[in-house]
Amino acid sequence: MSFRPLFEAHPWDEVQASIYAKTAADVARALAAPHRTLEDFKALISPAAAPYLEQMAQLSHQLTRKRFGNTVQLYAPLYLSNECQNICTYCGFSLDNKIARRTLSSVEMLQEAAVLKDWGYDHVLLVTGEANVTVGVDYLEKALRTLRPHFAHLSMEVQPLDQADYERLIPEGLNTVLVYQETYHRDDYKKHHPKGKKSNFNYRLDTPDRLGRAGIHKMGLGVLIGLEDWRTDCFYTALHLDYLEKTYWQTKYSLSFPRLRPAEGLLQPKVEMSDRELVQLICAYRLLNEEVELSISTREHPVFRDHVVKLGITSISAGSKTNPGGYAVAPESLEQFEISDERSPAEIAAMLRRQGYEPVWKDWDATLVGLGR
C-alpha cells in the first residue's frame with residue numbers, strides 16, 4: 001500500500017488547470033455542500049473563491065469551535081542540531097552554508113528543556129538537520145530517553161526514517177512526526193534538493209506510509225509555500241491527507257502551511273502568497289476536513305496570527321528559537337529561518353484568553369495511550 005500510485009494518477013499540469021478553471025458557481029456549490037470533496041477543495045482554493053472569503057471564514061470558525069471547542073494548543077520547537085548532509089536552497093542549515101555546526105549533548109538538552117518547562121510547556125517538538133551519523137536513530141533514541149521524563153508529548157521533525165526505525169523510537173516516547181514534502185512538483189523538488197538523501201523524492205513521499213505502518217499516534221503534513229504554485233501544491237497535500245486518513249484511520253493528522261522565510265543568504269520565494277490567500281487556504285482545509293488539526297508557527301507576523309486564530313487554527317507555537325541551544329545553551333548560533341512573532345509564550349497565552357480561548361500546554365498524557373485503539 002502506497003500513496004505513490006494515486007499521486008502519479010494526478011499529473012501536476014492537469015491538477016493546476018483544473019483548479020484555475022473553477023468558477024463562482026463551483027465555489028457556491030462547495031460552500032453549500034454538507035460534505036465536501038477534493039473537487040470542492042479545488043474550488044475553495046481557486047482564485048474564484050476570493051470574493052467568498054468572509055463566508056468561508058465564518059463557516060471555518062463554526063466548524064472549528066464545534067469540533068475543538070475553545071481550546072488552542074501551544075507548543076515550542078527544541079532544536080537539537082544544525083548538522084546536515086543535504087543541500088537545500090531555502091534552508092539555513094544547508095550543507096553548503098559555511099556556518100558553525102552544533103549538536104546538543106544530553107546535558108544541554110536538559111538545559112534547553114528547563115527553559116521550556118519554566119514557560120509552562122508540556123509539549124515539545126524536537127528538530128534536527130538531516131545527518132545520518134551525527135543525528136541518526138541512535139542519537140534520536142537518546143534524545144527521547146533524555147526528555148521523555150520531562151514532557152507529556154514529544155514530537156519530532158527530523159530526517160525521514162525507515163519503518164523499522166520508527167518502530168524502534170515509538171516505544172521510547174515518540175508520539176508525533178512531522179514530515180513536509182516541501183513541494184509535490186518533482187522537477188522543482190529536485191532543483192531545490194540537489195544533493196543528499198533528501199534529493200530522493202520518492203523516499204520522502206513514502207514517509208507517511210512508513211509512519212502509518214509503524215503505528216505512529218499522529219503525523220503532520222505540509223509544503224513549503226513559495227517553492228511552487230501554492231494552490232496546486234496544497235491540493236496534493238489534501239489528496240495525501242485524504243488517502244492517509246482512509247488507509248491509517250487510527251492515526252491523527254495535522255497540517256501546517258509555512259511560508260518561505262528569509263534564511264542565511266538563500267532563496268527568495270518563487271511564488272508570493274498574500275495574507276488573504278493564506279486565510280483562504282486555512283479556511284479551505286477546515287471546510288474540507290473538520291477533524292484535522294491546523295497549526296500556525298512564529299514564521300507569521302503577530303497581527304496576522306492574532307486574527308487567524310479564530311478561523312480554524314488549533315495549535316500555535318510561541319517563544320520559538322530555530323537554532324540549536326537557542327533558549328539557554330547557545331542563543332547566538334545561526335537560526336534555520338527568521339522568526340516573525342517574537343512574543344513570549346505568556347504573551348501569546350494572554351492574547352488567546354482575550355479572544356475567549358483556553359491555552360492548552362499539554363497535548364495528551366502517555367497514560368492514555370491505547371485507550372480506544
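**Figure 1. Salt bridges in the predicted model.** This predicted model contains 28 salt bridges. Side chains of opposite charge can pair when their charged atoms come close. One of the salt bridges joins Asp-26 to Arg-29, with 2.4 Å between the closest N and O atoms. Both residues belong to helix α3 (residues 24-32), where a spacing of three residues separates them by about one helical turn. Asp-26 is buried, at a relative accessible area of 18%, whereas Arg-29 is exposed, at 52%.

**Figure 2. The salt bridge between Lys-218 and Glu-293.** The closest N and O atoms of Lys-218 and Glu-293 are 2.9 Å apart. Lys-218 and Glu-293 are both buried.

**Figure 3. The salt bridge between Lys-270 and Glu-228.** Here the closest N and O atoms are 2.8 Å apart. Lys-270 is in the loop between β6 and α13 (275-288), and Glu-228 is in the loop between β5 and α12; the pair therefore ties together parts that are 42 residues apart in sequence. Glu-228 counts as buried, with a relative accessibility of 8%.

**Figure 4. A network of salt bridges.** Five residues are shown: Asp-138, Glu-141, Arg-145, Arg-168 and Glu-172. Salt bridges link these residues into a network.

Figure 5. Strand β6 (residues 252-256) has four buried residues out of five, so the strand is largely enclosed by the rest of the structure. Strand β5 (residues 218-221) runs parallel to β6 and is joined to β6 by four bridges. Gly-220 has Ser-254 of β6 as its bridge partner. Between β5 and β6 the chain passes through helix α12 (residues 230-247), giving a β-α-β crossover that is right-handed. Strand β7 (residues 293-296) also pairs with β6 in the parallel sense, over three bridges. The bridge partner of Ser-256 in β7 is Ser-295. In a regular strand the side chains alternate between the two faces of the sheet.

Figure 6. In soluble globular proteins, nonpolar side chains tend to be buried together. The largest nonpolar core has 100 residues, and those touching the most other members are Phe-257, Leu-281, Tyr-285, Ile-316 and Leu-352. Helix α12 contributes the most to this core, with nine residues. With residues up to four places away in sequence left out, Ile-316 touches Val-72, Gln-73, Leu-74, Tyr-75, Ile-296, Arg-305, Val-309, Ile-348, Met-351 and Leu-352. The second core is separate and has 15 residues, among them Cys-91, Leu-178, Tyr-180 and Leu-227.

**Figure 7. Aromatic pairs, with Tyr-184 and Tyr-236 in close-up.** The structure has 13 aromatic pairs. The ring centres of Tyr-184 and Tyr-236 are 5.8 Å apart and the ring planes meet at 20°, so this pair is stacked. Tyr-184 is in the loop between β4 (174-178) and α9 (186-192), and Tyr-236 is in helix α12; the pair therefore ties together parts that are 52 residues apart in sequence. Tyr-184 and Tyr-236 are both buried.

**Figure 8. The edge-to-face pair of Tyr-189 and Phe-201.** In this aromatic pair the centres are 5.1 Å apart and the planes are at 85°, an edge-to-face arrangement. Tyr-189 is in helix α9 and Phe-201 in helix α10 (residues 201-205), twelve residues apart, and the pair links distant parts of the chain. Tyr-189 counts as buried at 1% relative accessibility, and Phe-201 counts as buried at 6%.

**Figure 9. The aromatic cluster.** Ring pairs connect Phe-3, Phe-7, Trp-12, Tyr-184, Tyr-189, Phe-201, Phe-235, Tyr-236 and Tyr-243 into a cluster. Tyr-184 and Tyr-236 form a stacked pair, while Tyr-189 and Phe-201 pair edge-to-face.

**Figure 10. Ala-17 and Gly-212.** Ala-17 is in helix α2 (residues 12-20) and is partly exposed, with a relative accessible area of 47%. Ala-17 and Gly-212 are 195 residues apart along the chain, and 31 Å separates their C-alpha atoms.

Definitions and conventions: Residues numbered from 1 in each chain as written. Predicted model: local features only at pLDDT ≥ 70, side-chain atom pairs only at ≥ 80, totals over all residues. Heavy atoms only, no water. Buried < 20%, exposed > 50% of the residue type's maximum accessible area, 1.4 Å probe, protein only. Helix = DSSP H or I, 4+ residues; strand = E, 2+ residues; numbered from the N terminus. Pairing = 2+ DSSP bridges. Right-handed = clockwise from strand over helix to strand, strands pointing away. Salt bridge = Lys/Arg side-chain N within 4 Å of Asp/Glu carboxyl O. Core = buried A, V, L, I, M, F, W, Y, C linked by side-chain atoms within 4.5 Å. Contact = heavy atoms within 4.5 Å. Phe/Tyr/Trp six-rings, centres within 6.5 Å; stacked < 30°, edge-to-face > 60°.
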